[in-house]
Each structure stands twice: as C-alpha cells, then as structure tokens.
Amino acid sequence: MTLFFYLLIAFITFIAFLHAWAKKRYDISRTMVINSPRDVVFSNVRQLKKHPLWVPWFSKYPGAILKFKGDDGQPGAAIYWKSKNNEIGEGTQKIIKVKHPRVFETRVLFVKPIKVSLLTYFAVKELEPGKSKVVWGIRGSLPCPLSVISLFYSPDKLMGQDLEKGLTKLKTRMEKSIKI
C-alpha cells in the first residue's frame with residue numbers, strides 16, 4: 001500500500017512539474033489571399049450564420065444543434081452548439097468586437113467535454129481592389145491537463161490544419177460568388 005502511495009505521489013509530482021514547465025498560452029493564426037473585395041469578405045466572416053458554410057468544425061459534425069441569438073454580425077450576437085460527439089461538445093461563440101471592415105473578434109466558451117475559453121480573431125486587409133488578405137487566429141490559455149498534453153501534441157498542430165481548411169473554403173466561396 002505504501003509503495004502505491006509513493007508511486008501516486010511521484011506521478012502527481014511529475015504531472016505538476018510538466019504543467020509548470022509547459023507553455024500555457026498559445027496564439028495560432030493562418031493567412032490567405034482571397035480574390036474578392038475586402039467588404040464582401042468581411043461581411044461573410046462577421047456573420048455567424050454563415051460560419052457553418054466554411055468553418056470546418058461545423059462540417060465535421062453536421063448533427064450538432066445550432067441556435068443563434070442577437071443581431072448577426074454585431075457585438076453581442078452569439079451562436080450556441082450542442083453535439084453528442086465529445087470532440088465538439090457544447091459551447092457558445094459570442095461576437096465581442098467588430099471594426100468594420102477590418103477586425104472581427106469572438107469569445108468562444110467550450111462547456112463540454114472540458115471547460116475552455118478562447119478568443120478567435122479575423123483581420124481583413126485590402127491588398128488592391130478586388131484582392132484581400134485574411135488572417136484567422138485563435139488565442140487562449142491551456143489549463144492542466146491540456147498544458148501537459150500540449151507538450152506532446154501542440155495546439156498549432158491540432159487547430160492549424162482546420163484554420164487552413166476553413167480559409168480555403170472561404171476563399172473558394174468568395175471567389176465563386178464574385179465570378180457569378
């Protein structure tokens with residue numbers, strides 16, 4: 001019994017050491033040039049009701065329940081989701097800042113399977129008429145045990161591919177809508 005107790009204490013100490021050593025904050029972003037006017041791109045990015053059309057997490061879990069609240073595209077508007085799949089779980093995304101037509105920020109709160117809060121941000125810059133640069137990023141902090149897991153599987157690896165996929169889908173949608 002004492003051997004078990006000592007091993008348990010050693011394991012907890014090891015995890016605490018890893019947590020103390022691990023980075024707790026992350027900021028992941030991806031950039032893409034879209035052949036579409038800045039106002040058109042920004043209009044699509046800031047509307048939460050259009051996010052299921054290009055944000056990859058919605059297409060991965062089509063059975064999720066989605067509810068919208070507030071004036072879409074304006075501060076205070078929100079989307080609520082709930083899924084039986086633990087990868088998406090349950091949570092909300094609320095618009096906290098809109099600086100038309102440049103910056104859009106939301107606060108995302110995952111309630112299940114683990115409580116995590118993060119900030120998503122979009123910046124749109126016009127490079128030339130009809131051509132825009134879009135930056136999509138996620139910023140947050142990792143509670144224990146996620147900070148320990150991040151030592152072996154980085155948040156950039158976990159979410160970076162999805163940001164790229166989402167920007168590619170957005171680019172395809174925006175460029176098709178311009179040609180029509």
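View A. Helices (H or I, at least four residues) and strands (E, at least two) are DSSP runs, numbered from the N terminus. S5 and S6 (residues 116–128) run antiparallel and are joined by eight bridges; strands count as paired if DSSP finds at least two bridges between them. Within this pairing, Val103 is placed opposite Ala123 of S6. The model is predicted, and local features require pLDDT of at least 70, side-chain atom pairs count only at pLDDT 80 or more, and totals for chains, interfaces and linings use all residues. Residues are numbered from 1 along each chain as its sequence is written, and side-chain values use heavy atoms, with hydrogens and water left out.

**View B. The S4–S5 hairpin.** Strand S4 (residues 90–99) pairs with strand S5 (residues 103–112) in the antiparallel sense, over nine bridges. Three residues lie between S4 and S5 in this hairpin. Gly91 faces Phe110 of S5. Val111, located in strand S5, is partly exposed at a relative accessible area of 41%; buried means under 20% relative accessible area, exposed over 50%, and partly exposed in between (1.4 Å probe, protein chains only). Its C-alpha atom lies 5.5 Å from that of Glu90, although Val111 and Glu90 are 21 residues apart in sequence. Beyond its neighbours within four places in sequence, Val111 is in contact (heavy atoms within 4.5 Å) with Glu90 and Gly91.

View C. Glu90 belongs to strand S4 and is buried, with a relative accessible area of 14%. Lys112 is partly exposed at 46% relative accessibility. Leaving aside neighbours within four places in sequence, the contacts of Glu90 include Trp81, Lys82 and Leu109.

**View D. The salt bridge between Asp27 and Arg139.** Asp27 and Arg139 form one of the five salt bridges in the structure, their closest N and O atoms being 3.2 Å apart. Because Asp27 lies in strand S1 (residues 25–34) and Arg139 in strand S7 (residues 131–141), the pair ties together parts that are 112 residues apart in sequence. Asp27 is partly exposed at 44% relative accessibility, as is Arg139 at 32%.

View E. The side chains of Lys171 and Glu175 form a salt bridge with an N to O distance of 3.0 Å. Both residues lie in helix H5 (residues 155–179), four residues apart, about one turn of the helix. Lys171 is partly exposed, with 23% relative accessibility, whereas Glu175 is buried, with a relative accessible area of 16%.

Terms used. Salt bridge = Lys/Arg side-chain N within 4 Å of Asp/Glu carboxyl O.
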